[in-house]
Amino acid sequence: MYNDTKLLTIISQGESDNVEFTQSAKDLDKIREAICAFANDLPDHREPGFIFIGIKDDGSYADLAIDDKLLQTLGGLRDDGKILPFPMMEVSRRLLNDHEVAVVQVEPSVNPPVKSDGRCWIRTGPRRSQATAEDERRLTEKRHWGSLTYDMQGVAGASVEHDLDLRKFEVEYLPNAVSQEVLEGNKRNLKEQLQALRLTSEDGTPTVTAILMLGKFPASWFPGAYIQFVRYDGDKVTDPVKSQREIHGTLSDQLTEIEKIFNTNIAVALDAGREIHVETPDYPVVALRELIRNAVIHRNYNGTNTPIRFHWFENKIEIISPGSVYGVVTRENFGSPGITDYRNPTIAEAMKNMGYMERFGTGIDKARRALEENSNPAPKLTAEDTFIFVEIRKS
């Protein structure tokens, strides 16, 4: 974050295409739009944009009380799932000219266009507006292709026509990724739509995310991208196998099938000793669902043929996912509330678009809460060098 002297200089110059004033934080949607516009950086300043909360349009101070709750709310806009892909931003409370101000500093995205609720916003001078098709094309051209994550890279040899299920894209994916208003006025062709949504690379090749989410035969490109389910008759892998299955297909196909397996294998105990009979499952399906989705989103898809292993024992379940911690997540803070990073940000975005999550970074917390409410022990989470291990115990 810039120092106070630099911030005061920016304020003195008034609103511009990388500075916005707002006297309150009542309208969070407008703040999201501003974050989106600054992340897109259509003028190509390659410098951060600033939202000053507590300053009026004329540059005078609104004397807004900046408390911790407000700062947490502003910080939560990064990963509440409405701005995609994730913006790089920092929130702080500053005392400028003896007045409290909340400052949101937004870095230009390396992976534009950035959208809020399926709408792409840009800023020209002090005016914010929705991007046109031409604006989005220019933003796509600004991508820093060399610095993109593996899930954004093109799959050599794959093609849109032969390897993607384009009907699935048009019927299921596109309406969830782009607002209805934009779709109704959409003049973009298929190539432009795919590239704007980060599903093709610079040369039009389907990305890793596109193959995994929309591919006709994902396993032909990523042999290890499946879930191996094994049900054991005991608590050791040497015990007899009751059932097993390899779950292939797109990531959404895999999650649909594994949830059916959960429902088949969960046992329910009936407590008839109460006035009202209570059914208690040995595992809450919510916890299993959140943990397997977490594994699918965060696993390493690069250079490994290892599947996600879901092993169901007599008194426990183990989930083993290839790939260790990533980014700001370390072995020490792995699983801690509020600590999250994304090895596969575009896969995470796609999963959000397909309805598999509401807010980013909350899956483990939801699983913990569901286990506690069902009287299961807390999950055991371990980060090793090459895999993540999760163990949950029977209720």
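Biologist: Glu-259 first: does this residue count as buried or exposed?
Modeller: Glu-259 counts as buried, because its relative accessibility is 18% and the cut-off for buried is under 20%. Keep in mind that this is a predicted model.

Biologist: Where is Glu-259 in the fold?
Modeller: Glu-259 sits in helix α10, which covers residues 251–265.

Biologist: And what does Glu-259 touch, not counting residues up to four places away in sequence?
Modeller: Glu-259 touches Arg-289 and Arg-293. Arg-293 is one of the buried residues of α11.

Biologist: Which other residues are buried in α11?
Modeller: Besides Arg-293, the buried residues of α11 are Ala-287, Leu-288, Glu-290, Leu-291, Ile-292, Ala-295, Val-296 and Ile-297.

Biologist: Why do residues three or four places apart point the same way in an α-helix?
Modeller: An α-helix has 3.6 residues a turn, so residues at that spacing point the same way.

Biologist: What span should α11 have, and how far apart are its end C-alpha atoms?
Modeller: Helix α11 runs over residues 285–298, which is 14 residues. At 1.5 Å a residue, α11 should span 20 Å, and its end C-alpha atoms are 20 Å apart, so the two values agree.

Biologist: Zooming out, how many helices and strands does the protein have?
Modeller: The protein has 13 helices and 16 strands. The radius of gyration is 23 Å, close to the 21 Å that the globule rule gives for 395 residues, so the protein is as compact as a globular protein of that length.

Biologist: What does the C-alpha trace span along its principal axes?
Modeller: The spans are about 75 × 55 × 40 Å.

Biologist: What share of the residues count as buried?
Modeller: Of the 395 residues, 52% count as buried. As for contacts between residues at least 6 apart in sequence, 68% join residues at least 24 apart.

Biologist: Let's take one residue from the start of the chain. Where is Leu-7, then?
Modeller: Leu-7 is in helix α1, residues 4–12. Leu-7 is buried, because its relative accessible area is 0%.

Biologist: What does Leu-7 touch, not counting residues up to four places away in sequence?
Modeller: Leu-7 touches Tyr-2, Phe-50, Phe-52, Arg-94, Leu-96 and Val-103.

Biologist: How far apart in space are Leu-7 and Val-329?
Modeller: Leu-7 and Val-329 are 31 Å apart, C-alpha to C-alpha, and 322 residues apart in sequence.

Biologist: Now Asp-165. How far is its C-alpha atom from that of Leu-214?
Modeller: The two C-alpha atoms are separated by 5.5 Å, although Asp-165 and Leu-214 are 49 residues apart along the chain. Leaving aside neighbours within four places in sequence, Asp-165 is in contact with Leu-214 and Lys-216.

Biologist: Where does Asp-165 lie?
Modeller: Asp-165 lies in the loop between α5 (160–163) and α6 (166–177). Asp-165 counts as partly exposed because its relative accessible area is 32%.

Biologist: Where are Arg-46 and Asp-98?
Modeller: Arg-46 is in the loop between α2 (28–40) and β2 (49–53). Asp-98 is in the loop between β4 and β5.

Biologist: Is Arg-46 buried or exposed, and what about Asp-98?
Modeller: Arg-46 counts as exposed, at 63% relative accessibility. Asp-98 counts as exposed too, at 71%.

Biologist: Where do cis peptide bonds come in?
Modeller: One joins Leu-84 and Pro-85, with omega about -10°. Pro-85 lies in the loop between β3 (83–84) and β4 (89–96). The bond from Pro-112 to Pro-113 is also cis, with omega near 5°. Pro-113 is in the loop between β5 (99–106) and β6 (115–116).

Biologist: What classes of residue line the largest cavity?
Modeller: The lining has 5 nonpolar, 2 polar and 3 charged residues, among them Lys-115, Glu-136 and Leu-174.

Biologist: And the lining of the second largest cavity?
Modeller: That lining has 3 nonpolar, 3 polar and 3 charged residues, including Asp-17, Phe-38 and Gly-49.

Note on methods. Residues numbered from 1 in each chain as written. Predicted model: local features only at pLDDT ≥ 70, side-chain atom pairs only at ≥ 80, totals over all residues. Heavy atoms only, no water. Helix = DSSP H or I, 4+ residues; strand = E, 2+ residues; numbered from the N terminus. Expected span 1.5 Å × (residues − 1). Buried < 20%, exposed > 50% of the residue type's maximum accessible area, 1.4 Å probe, protein only. 1 Å grid on protein atoms, 1.4 Å probe; cavity = no way out; pocket = protein on both sides within 12 Å on 5 of 7 lines; lining within 4 Å. Nonpolar A, V, L, I, M, F, W, Y, C, P; charged D, E, K, R; others polar. Rg over C-alpha atoms; globule rule 2.2 N^0.38 Å. Contact = heavy atoms within 4.5 Å.
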